[in-house]
Amino acid sequence: MPSDVNKGVAPSSKPKFWNDPDKRAMLFQILMILTVLGFFAYIISNALYNLKTRGITTGFDFLDQSAGFEILLHLIPFDATFSFGRTFMVGLLNTLLVSFLGVIFATTLGFVMGIARLSDNWLISKVATAYIEIFRNIPLLLQILFWYVAVLQPLPLPKQSIEMGAAFLNNRGLYLPAPVFESGFGFVMIALAIAIAAVVFLFRWNKKRQDETGQRFPVIWVSLGLLIGLPFVVYLIMGSPMSWDYPVLKGFNFRGGATIIPELMALLIALSVYTGTFIAEIVRSGILAVSSGQSEAAQALGLSKNRTLRLIVIPQAMRVIIPPLTSQYLNLIKNSSLATAIGYPDLVSVFMGTTLNQTGQAIEIIFMTMAVYLTINMIVSMLMNLYNKRMSLVER
Amino acid sequence: MKKITSLAAASAIAIGMVSGAQAASATLDSVKDKGFVQCGVSTGLPGFSNPDEKGNWQGMDVDVCRAVAAATLGDASKVKFIPLTAKERFTALQSGEIDILSRNTTWTQTRDTTLGLNFAGVNYYDGQGFMVSKNLGVKSAKELDGAAVCIQSGTTTELNLSDYFRLNKMTFSPVVFDSSDQTVKGFEAGRCDVLTSDQSQLYALRIKLADPSSAMVLPEVISKEPLGPVVRQGDDQWFNIVKWSLNAMINAEELGLTSANIDSEKDSADPSIARFVGKDGPKGSGMELSDDWAYQIIKQVGNYGEGFERNVGSGSPLKIDRGVNALWSQGGFLYAPPMR
């Protein structure tokens with residue numbers, strides 16, 4: 001029948017293009033895009049014009065000028081003779097360092113506490129509840145200042161450091177012995193790489209074998225043995241090609257070894273503890289979202305409690321957990337910019353703080369900083385979405 | 001046809017908005033309209049800009065703003081003080097949030113030439129120094145190799161410090177804070193061995209310590225720090241007003257005019273004084289000010305020397321010596337162009 005209706009319409013009476021909803025929608029969208037582009041073009045040209053009339057230097061030439069100031073913590077070589085562009089990299093790496101470690105610690109803490117809150121053990125579940133309720137409800141900035149001012153600053157001065165074996169703790173930071181790699185250590189690294197490859201292969205082989213025969217192999221213990229044993233044997237064969245650089249009190253401070261500055265410790269503790277509470281709640285809700293019939297069925301099949309959690313509950317809970325977990329990671333990365341309150345040299349403090357002040361180029365620098373946070377968070381979201389896709393229920 | 005005219009109208013408006021931003025340069029008119037001067041000061045630095053127990057701002061830098069208010073509005077109290085950290089200060093001035101930045105700001109080439117700002121003179125000649133805890137047993141800055149140093153972010157201090165240590169082949173670890181308060185707290189808590197800043201600030205910050213006698217200022221001065229008021233570039237009239245308000249305070253000291261004696265000296269036969277109080281000479285017309293603008297400054301704020309003694313000198317807890325901040329005729333650097 002519908003084909004008859006079409007035939008009834010004469011080709012000459014084709015509707016005008018503004019009466020065609022598809023074309024009209026297209027037109028409006030083009031107009032909308034043009035308006036938005038025009039708006040941005042206008043504000044950018046306006047800003048450039050005003051900056052010029054007020055005699056304010058613009059452009060990105062400043063990135064090549066030498067910085068002239070020092071930064072407390074730098075993961076790549078840096079001193080005052082390096083460029084402002086380098087200060088950007090140093091700040092960025094410091095932000096990534098605290099974000100990366102923060103995500104790992106917060107996730108670990110969150111999973112442990114989330115599962116603990118569901119524990120049948122009264123004490124464990126109450127401890128987890130207390131932790132979540134306390135740290136979730138205090139503003140993050142206050143927590144950062146608490147760890148920095150109230151916990152780490154009252155530690156003793158370097159000369160009265162707390163000694164922990166070869167490590168020292170004082171109000172300037174935690175001083176640890178640093179490994180020094182000598183020639184021949186490369187072989188140990190190669191051995192480690194081989195061990196990792198072997199473990200990956202072992203896991204695949206075990207899964208395949210279990211699928212086919214139902215037999216299981218103690219992969220965990222064998223892999224641990226491979227990962228530790230193989231590099232260790234090579235290490236001994238090569239004649240222990242590694243020594244330790246111990247921190248020594250010399251003059252005002254400890255020299256040598258590796259230092260973890262109190263600003264990093266305070267920020268990392270505060271970020272992990274704060275974000276951990278939210279992750280704990282997400283984990284708890286994820287686990288509760290798996291219907292109890294699932295665990296009952298698993299128990300009926302004779303799976304132990306531990307394996308029920310690991311094989312049945314958590315894989316299904318992950319589907320609920322991952323999307324809100326992603327937002328917590330993004331929050332943690334953005335919150336790391338509170339570092340500036342205690343002087344941890346992150347991107348905001350170093351680049352948007354000192355560099356902006358020494359060059360005065362606010363617009364360029366703020367734009368670059370915002371673009372960096374946007375990029376980092378987009379990448380994190382993308383990776384988490386990929387992971388989410390892999391974890392989602394495969395329907396057959 | 002109708003479409004074309006509306007397009008033309010729209011673009012005319014756009015062009016008008018772009019060029020309209022250029023004309024907004026008469027700071028004096030906006031100050032007179034508002035009825036007060038917006039002055040960017042520090043977040044609290046005794047002797048330079050610090051609120052007293054009643055909440056009134058006091059200090060050398062505050063006096064400059066009060067002088068400008070007295071000259072332009074005839075009332076030194078018509079100033080709105082906006083506390084700014086070192087990081088915020090230039091943006092606040094560039095964006096028009098404040099009319100004058102008077103916040104112990106060092107005059108440097110970069111700041112004067114690339115930020116769209118103008119320095120209107122020097123109201124304090126300073127130099128960077130170091131403060132250490134007495135029990136450290138350090139007598140000279142040359143012994144500071146390996147020290148942890150507390151600094152305020154966004155200052156010339158950060159740059160001078162690394163120049164000095166590099167030149168003397170010493171190392172240090174910088175601990176950078178946003179405000180001078182945080183810097184002092186970090187120093188007090190022992191996070192760093194050394195606090196570095198302009199010498200005048202070190203004396204000011206030292207009295208903020210729980211026990212000021214536990215710290216000492218080392219003798220070395222490692223840089224030139226001419227501090228002065230700053231205005232936006234492109235408004236010469238306002239630039240002149242700030243520059244000459246400061247000059248008037250210095251000239252008044254040279255002429256012996258004080259807030260106490262200016263009423264009796266006003267009718268003096270001295271031609272310089274007659275020009276100063278606006279009975280003769282250029283008066284205020286070149287800056288669109290009243291003829292007695294300089295008289296108002298001295299009457300309400302006082303001359304440079306009075307301000308110095310009251311804020312940082314013998315009349316204050318800081319007890320800073322006049323030193324290079326004395327008049328040129330008394331062995332210092334202060335030399336204001338004549339008012340004629």
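How many bridges join β9(B) to β10(B), and do they run parallel or antiparallel? Let's take that up in the first close-up; bear in mind throughout that this is a predicted model.

**Figure 1. Five strands of chain B line up in an open sheet.** To settle the opening question, β9(B) and β10(B) run parallel and are joined by 6 bridges. For one pair to look for, find B:Gln152, whose bridge partner in β10(B) is B:Phe177. Now step back to the whole sheet: its order is β10-β9-β11-β8-β12, and the pairing is mixed. β10 and β12 (215-217) of chain B sit at the edges with a single partner strand each, so one side of each has no neighbour in the sheet. From one strand to the next, the twist averages 30 degrees. There's a helix here too: α8 (residues 199-206) of chain B packs on the sheet and touches β8 (128-133), β11 (194-198) and β12 of chain B. The direction of this helix makes about 125 degrees with that of β11(B).

**Figure 2. Chain A has an open sheet as well, made of 4 strands.** Read across it and you get the order β1-β2-β3-β8, with antiparallel pairing. Which strands stand at the edges? They're β1 (162-164) and β8 (258-260) of chain A; each has a single partner strand, so one side of each is left without a neighbour in the sheet. Ignoring direction, neighbouring strands here are turned by 20 degrees against each other on average. Zoom in on strand β3 (residues 173-176) of chain A, which pairs with β8(A) in the antiparallel sense over 3 bridges. A handy landmark is A:Tyr175, which stands opposite A:Thr259 in β8(A).

**Figure 3. Helices α8 (residues 262-289) and α10 (residues 305-335) of chain A cross at roughly 155 degrees.** Their axes come within 8 Å. Angles over 145 degrees count as roughly antiparallel, and that makes α8(A) roughly antiparallel to α10(A). The crossing is right-handed. Residues that α8(A) brings to the contact include A:Leu271, A:Phe278, A:Ile282 and A:Gly286. Over on α10(A), look for A:Val313, A:Ile321, A:Leu325 and A:Asn335, among others. Sort the residues of this contact by class and you get 15 nonpolar, 6 polar and no charged.

**Figure 4. Helix α3 (residues 84-117) of chain A also packs against α8(A).** What angle do the two make? It's about 40 degrees, with the axes 6 Å apart. The two helices are therefore oblique to each other. α3(A) passes α8(A) in a right-handed crossing. In this contact there are 16 nonpolar, 7 polar and 3 charged residues.

**Figure 5. In chain B, helix α9 (residues 236-255) packs with helix α13 (residues 304-311).** The angle is about 95 degrees and the axes are 7 Å apart. α9(B) and α13(B) are therefore roughly perpendicular to each other. You can pick out the whole contact by eye: α9(B) supplies B:Met249, B:Ile250 and B:Glu253, while α13(B) supplies B:Tyr304, B:Gly305 and B:Gly307. By class, that's 3 nonpolar, 2 polar and 1 charged.

**Figure 6. Chains A and B meet in a contact with 33 residues from chain A and 35 from chain B.** On the chain B side, the elements that give two or more residues are α1 (2-23), α4 (89-94), β9 (147-152), α6 (156-167) and β10 (172-177). Which one gives the largest share? That's β10(B), with 5 residues. The side of chain B that touches chain A divides into 14 nonpolar, 13 polar and 8 charged residues.

Figure 7. The model scores ipTM 0.75 and pTM 0.80. Chain A averages a pLDDT of 88, with 96% of its residues scoring at least 70. Within chain A, confidence is lowest in helix α1 (residues 2-8), at a mean of 51, and highest in helix α4 (residues 122-136), at 96. Chain B averages a pLDDT of 88, and 93% of its residues score at least 70. Over residues 1-25 of chain B, though, the pLDDT is below 50, and this stretch has 7 contacts in the model beyond near neighbours in sequence.

Conventions
Residues numbered from 1 in each chain as written. Chains lettered and ligands numbered in written order. Predicted model: local features only at pLDDT ≥ 70, side-chain atom pairs only at ≥ 80, totals over all residues. Contact = placed C-beta atoms within 7 Å. Nonpolar A, V, L, I, M, F, W, Y, C, P; charged D, E, K, R; others polar. Axes fitted to C-alpha atoms, helices over the stretch in contact; angles between N-to-C directions. Parallel < 35°, antiparallel > 145°, perpendicular 65-115°, else oblique. Left-handed = near helix turned anticlockwise from the far one by under 90°. pLDDT = per-residue confidence, 0-100. Pairing = 2+ DSSP bridges.
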